[in-house]
Amino acid sequence: MKRTIYIITTFLLLVIGIIMIYSSSSVWALYKVGNDKYYLFRQLVFAFLGIVIYFISYSINYNYWKKIIDYVFFISLLLLIIVLIPGIGVVKNGARSWIGFNDISFQPSEFMKISYVLFLAKHLSKDNTKLLKYILLTIIIFGLILLQPDFGTGVIFLITIAFMMYISLLKYKYIIIGGGLLIFGFVVMIMMAPYRLERIFSFLNPWNDPLGSGFQIIQSLYAISPASLFGYGLFKSRQKYFYLPEPQNDFIFAILCEELGIIGGFFVIFLFFVLIYIGYNLLFHIKDMYALYVIFGFTTLIAIQVFINISVVIGLIPVTGVTLPFISYGGSSLLITMFMMGVNTNILKNVKKEARYCLF
């Protein structure tokens with residue numbers, strides 16, 4: 001029953017995402033390329049590939065990834081280094097985070113997130129005492145992501161791995177040491193990049209610079225606040241008319257709330273809650289520690305990304321470049337998300353269960 005609900009929720013979010021991408025991007029696409037369905041057609045291609053990836057990862061027993069993950073992790077680490085090389089890494093919105101040609105590209109950092117979760121799950125399930133080397137490896141990967149720079153992805157990656165290490169019952173002194181080093185790294189990276197300080201200041205009072213660093217959050221709030229309970233209606237957003245820049249991306253939830261109202265916004269949040277609840281609830285009953293780490297890691301990746309994206313859109317935290325899973329436009333994010341959902345669904349299907357104590 002839970003597996004059926006999990007599958008239905010996954011595909012319902014996928015459908016909502018496709019509809020909202022068309023609604024939010026139509027005006028911008030017509031202006032940019034002369035075709036209001038440009039982003040819709042591209043997302044439909046990504047969705048088709050994502051469905052294929054979902055059913056492939058769902059049909060393969062989750063233990064298979066344990067056999068090949070060391071090689072996959074090495075490839076993802078190599079790609080994370082290669083993307084930093086000028087001429088190979090593609091720069092978009094000031095970040096060298098993509099590899100590809102013209103409109104066809106992917107983000108190695110997205111690939112790294114899932115490969116490192118699988119890699120860490122394999123090795124923590126074998127031996128959870130060698131924390132120091134995992135902390136050092138995490139810091140190296142985090143540093144490579146920040147060099148792109150991709151602060152949002154780095155934060156999601158870091159928090160997920162920290163939680164995985166926590167539930168592995170490793171020594172707290174190493175967690176404290178690693179946490180201290182990473183906090184120091186956060187501070188240094190924020191101080192080194194003026195735009196990050198601007199985002200923090202604009203978060204505290206966006207109206208200090210309403211046409212600059214505070215512009216996006218102000219326009220986002222303008223989309224959400226007058227929408228009322230049921231919104232203006234699907235396809236009837238006002239902010240997508242060049243007020244909210246590229247509304248199909250990180251701030252698509254604002255357009256969703258503007259058109260579908262508070263009811264629509266809470267419905268999408270509820271769907272995410274269902275996925276997260278089923279994933280975490282399974283942790284109380286999993287016998288296989290490898291499966292536990294995998295479903296915990298993938299569920300946490302989704303949970304943190306949803307929390308950060310929606311918190312940014314409604315003005316709870318400073319702006320970061322984090323997409324909303326399933327809903328925001330983007331191929332790499334959608335394909336990776338569908339892969340994670342496929343693996344989690346396979347675990348729901350095949351894992352042996354027993355009542356067991358869990359930390360939370």
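Tutor: Let's start with the term itself: a nonpolar core is a set of buried Ala, Val, Leu, Ile, Met, Phe, Trp, Tyr and Cys residues joined through side-chain atoms within 4.5 Å. Buried here means under 20% relative accessible area, exposed means over 50%, and partly exposed is in between, with a 1.4 Å probe and protein chains only. Keep in mind that this is a predicted model, where local features need pLDDT of at least 70, side-chain atom pairs count only at pLDDT 80 or more, and totals for chains, interfaces and linings use all residues. Residues are numbered from 1 along each chain as its sequence is written, and side-chain values use heavy atoms, leaving out hydrogens and water.

Now the core. The largest one has 98 residues, and those touching the most other members are Tyr116, Ile141, Phe272, Phe298, Phe326 and Ile347. Helix H11 (residues 289-313) gives the most to this core, with 16 residues. Helices, by the way, are DSSP runs of H or I, at least four residues, numbered from the N terminus.

Zoom in on Phe326. Leaving aside neighbours within four places in sequence, its contacts (heavy atoms within 4.5 Å) include Thr10, Leu13, Leu14 and Gly17, along with Phe272 and Leu275, and then Leu334, Thr337, Met338 and Met341. Phe272 is itself among the core residues that touch the most other members.

H1 spans residues 2-33, so to say: its 32 residues reach 43 Å from first C-alpha to last, close to the 46 Å expected at 1.5 Å a residue, the expected span being 1.5 Å times one less than the number of residues. H1 also has a kink of about 55° centred on serine 25; the bend at a residue is the angle between axes fitted to the seven residues ending there and the seven starting there. Just after H1, glycine 34 takes a positive phi of about 75°.

Over in helix H12 (residues 331-350) you'll find serine 332. Serine 332 counts as buried because its relative accessibility is 13%. Beyond residues up to four places away in sequence, serine 332 touches Ser105, Phe106, Gln107 and Glu110. A polar atom of the serine 332 side chain lies 3.0 Å from the backbone nitrogen of glutamine 107.

For contrast, look at the loop between H9 and H10, where phenylalanine 242 is found. Phenylalanine 242 counts as partly exposed because its relative accessibility is 45%, and its phi is positive, about 70°, although it is not a glycine.

Notes: Helices (H or I, at least four residues) and strands (E, at least two) are DSSP runs, numbered from the N terminus. A polar contact is a pair of N or O atoms within 3.5 Å; within protein, one must be able to donate a hydrogen and the other to accept it, and residues adjacent in sequence count only if both atoms are side-chain atoms.
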